[in-house]
Every structure is written in C-alpha cells, then in structure tokens.
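Work through the exercises below with the sequence and the 3D view open. Try each task before you read its solution.

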Amino acid sequence: MSIVVTGATGALGRLVIEELLARVPAAEVVAAVRDERKGAELAARGVELRIADYDDPESLVKAFRAGDRVLLISGNEVGRRVAQHTAVISAAKAAGVAQLAYTGILGGPDADFDLAAEHKVTEQAVLDSGLPYTFLRNGWYHENYTGNLAGVLAHGAVVGSAGGGRIASAARADYAAAAAAVLTGDGHLDAVYELSGDHAWSLAEYAAEVAAQSGKDVAHADVPAGEHLEILKGAGVPEGFAAILVDVDAAIARGRLAGTTGDLARLIGRPTTPVAAAIAAALA
C-alpha cells in the first residue's frame with residue numbers, strides 16, 4: 001500500500017508530501033506528477049514518482065495500484081475540472097484503491113456560489129464510484145489574501161465587495177496537515193470534514209492588521225460588485241475568473257465562508273494558524 005498525492009508539485013501538494021514524510025517512511029509515499037523533472041528533489045529523498053496528468057487518462061490508469069490511499073487535489077483550471085477529476089476517479093476505481101480523499105470546498109452541496117459547482121459534481125462522482133472516500137471540504141486559504149500583499153501595500157487598500165462578511169480562513173499548511181492526517185490515520189473512510197480556521201475575520205479587520213504590522217496606511221475599500229469586477233479586470237485578471245472572484249465576495253457577504261466548525265483543528269491536533277501570523281510571514 002502506498003499513499004499517492006496527485007498534483008504533488010503544486011503549492012498544496014508539496015506541503016502534503018512534507019507532512020506525510022514527517023509521519024511515514026518515504027518508501028510509502030508516491031508523488032503523482034505531470035513532469036518528473038519537477039519531482040526530482042522528492043525522488044532524491046526516496047519518494048516514488050509516478051506520471052499522472054489529469055488530461056491524460058492513460059497516465060492515470062498507470063498511476064494507481066490496488067490498495068493505495070489516494071489524495072485527489074482539485075485541479076486549478078476552472079471550467080475543466082469535472083472532466084479531469086472524473087478521469088482520476090475512474091482510474092482509481094479501476095485500480096481498486098482503498099481510499100480516495102478529495103479536496104473540495106467548504107459547504108459541499110450547500111455551497112451556492114459559482115466556484116463550488118465543479119466541486120459538487122466531483123463529490124457526486126466520487127459517491128457514484130462506490131470507492132471508500134474522504135471529503136476534505138477546504139475553506140479559504142490565508143494565502144489567497146497574503147499572496148497579494150505587495151499590491152495592497154502599493155495601493156494602500158484592501159479592495160473587495162464582500163461588505164462586512166467574515167472569512168474563516170486557515171493556512172495552506174493547516175489544510176495539508178489535515179490531508180496527511182486522514183491519509184495516515186484510521187476512522188476516516190466515508191467521512192466528510194468541513195475545514196476552516198478557528199476564527200473568522202472581515203476584510204476591514206484584515207486591512208487594519210496589515211496596517212498595524214506594516215506601519216503603512218491601509219484602508220478597506222468596499223465597492224459595488226460591478227466596480228470590483230472592473231478593478232480586477234484592470235489589474236489583468238481574465239474576465240471569467242474576475243467574475244468568479246466577485247461572486248465569491250458575494251458569498252462571503254452571505255456568510256458562506258464564515259463557518260468555524262473546528263474540524264480542521266481537531267484533525268491537525270492544534271489550533272489553526274491565525275491570519276495575523278500569515279500576514280507577518282508574508283511581510284518578513
């Protein structure tokens with residue numbers, strides 16, 4: 001039995017691999033990658049590499065073995081993910097894997113915003129496959145915001161259209177630790193976890209924290225959805241994805257990403273990383 005992580009050289013995948021290597025021998029860990037060259041460092045540490053391209057079903061069939069525990073990290077190509085994920089699920093089913101864990105989105109079937117649509121279809125496909133599953137419904141990452149701190153500081157504003165809506169985000173590393181926990185532990189088959197940070201915060205509070213830590217003037221600029229869309233497009237975000245981001249802010253305003261279930265902290269055995277700590281790390 002091996003633990004197979006798809007998308008293993010991506011931002012989340014690499015963190016999951018690190019968490020697994022802290023828990024089990026490297027010989028039990030498989031990094032499923034599109035490009036072996038990107039996984040060379042992992043191979044040098046004893047991790048097995050298998051080629052697995054979401055757009056190449058034949059490669060997926062060869063990537064899994066009977067009894068494997070597999071983490072399907074959702075693809076990042078919005079609009080193409082249903083076909084990609086379905087190909088992974090079919091290959092996992094054909095191989096007879098022992099567990100298929102999937103990184104979905106907070107709220108699962110109740111999530112009523114556009115970005116959730118492909119996740120909901122994927123979860124149903126997993127259920128229809130009959131495979132033993134674990135749904136890791138990830139909330140927002142701190143990095144969705146701290147990754148843009150340079151722009152925030154340059155313009156002196158956190159811009160959004162979420163109003164006073166709150167976001168129970170956590171660090172990407174927190175979600176990686178949760179994935180490793182369910183892949184190496186017992187009692188997680190056919191389980192659903194709603195994963196989010198311990199504390200929810202508003203964009204106004206986020207702006208104030210950035211200002212306090214940076215020593216610079218940073219305001220929260222809440223704008224109408226249409227204006228938000230134009231700002232994102234002006235910043236070079238493709239119109240389709242900009243519309244998805246504006247729709248997410250509308251969901252935040254409705255409280256859809258504010259839930260603090262405690263599932264994430266329970267899985268990782270510690271409090272989740274505060275957003276203030278993520279801001280400090282990004283500013284360092």
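## Exercise 1: Histidine 85

Leaving out residues up to four places away in sequence, histidine 85 touches Leu72, Ser74, Gly75, Tyr102 and Thr122. Contact here means heavy atoms within 4.5 Å. This is a predicted model: local features need pLDDT of at least 70, side-chain atom pairs count only at pLDDT 80 or more, and totals for chains, interfaces and linings use all residues. Residues are numbered from 1 along each chain as its sequence is written, and side-chain values use heavy atoms, with hydrogens and water left out.

**Task.** Where is the place of histidine 85, and is histidine 85 buried or exposed?

**Solution.** 
- Step 1. Find the element. Histidine 85 sits in helix α4. Helices (H or I, at least four residues) and strands (E, at least two) are DSSP runs, numbered from the N terminus.
- Step 2. Read the accessibility. The relative accessible area of histidine 85 is 0%, so histidine 85 is buried. The cut-offs are under 20% for buried, over 50% for exposed, and partly exposed in between (1.4 Å probe, protein chains only).
- Step 3. Look along the chain. Histidine 119 is 34 residues away from histidine 85, and their C-alpha atoms are separated by 9.3 Å.

## Exercise 2: Two loop aspartates

**Task.** Which loops hold aspartate 190 and aspartate 110? Is aspartate 110 buried or exposed?

**Solution.** 
- Step 1. Aspartate 190 lies in the loop between α8 (172–184) and β9 (191–195).
- Step 2. Its relative accessible area is 47%, so aspartate 190 is partly exposed.
- Step 3. Check the backbone. Most residues other than glycine have a negative phi. Aspartate 190 is not a glycine, yet it has a positive phi of about 55 degrees.
- Step 4. Aspartate 110 is in the loop between β5 and α5. With a relative accessible area of 59%, aspartate 110 is exposed.
- Step 5. Aspartate 110 and lysine 120 are ten residues apart along the chain, and 8.9 Å separates their C-alpha atoms.

## Exercise 3: The sheet

**Task.** What is the strand order of the open sheet, and which are the edge strands?

**Solution.** 
- Step 1. Write the order. The seven strands run β3-β2-β1-β4-β5-β6-β9, with parallel pairing. Two strands pair if DSSP finds at least two bridges between them.
- Step 2. Find the edges. They are β3 (48–51) and β9, and each pairs on one side only.
- Step 3. From one strand to the next, it averages 20 degrees.
- Step 4. Inspect one pair. Strand β1 (residues 3–6) and strand β4 (residues 69–72) are parallel and share three bridges. Isoleucine 3 faces arginine 69 in β4.
- Step 5. Inspect another. β6 and β9 are joined in the parallel sense by five bridges. Arginine 137 has glutamate 194 in β9 as its bridge partner. Four of the five residues of β9 are buried.

## Exercise 4: Helix pairs

**Task.** At what angles do α1 and α8, and α4 and α5, pack?

**Solution.** 
- Step 1. Recall the method. Two packed helices are described by the angle between their axes and the distance between the axes. Axes are lines fitted to C-alpha atoms, for helices over the stretch in contact, and angles run from 0 to 180 degrees between N-to-C directions.
- Step 2. The axes of helix α1 (residues 11–21) and α8 come within 8 Å and cross at roughly 50 degrees.
- Step 3. Classify. Angles under 35 degrees count as roughly parallel, over 145 as roughly antiparallel, 65 to 115 as roughly perpendicular and the rest as oblique. So α1 and α8 are oblique to each other.
- Step 4. Helix α4 (residues 81–95) and α5 pack at about 20 degrees, with axes 10 Å apart. Therefore α4 and α5 are roughly parallel to each other.

## Exercise 5: The nonpolar core

**Task.** Which residues touch the most other members of the largest nonpolar core?

**Solution.** 
- Step 1. Define the set. A nonpolar core is a set of buried Ala, Val, Leu, Ile, Met, Phe, Trp, Tyr and Cys residues joined through side-chain atoms within 4.5 Å.
- Step 2. Among the 58 residues of the largest core, the answer is Phe64 and Leu71.
- Step 3. Find the main contributor. α8 supplies the largest share of this core, eight residues.
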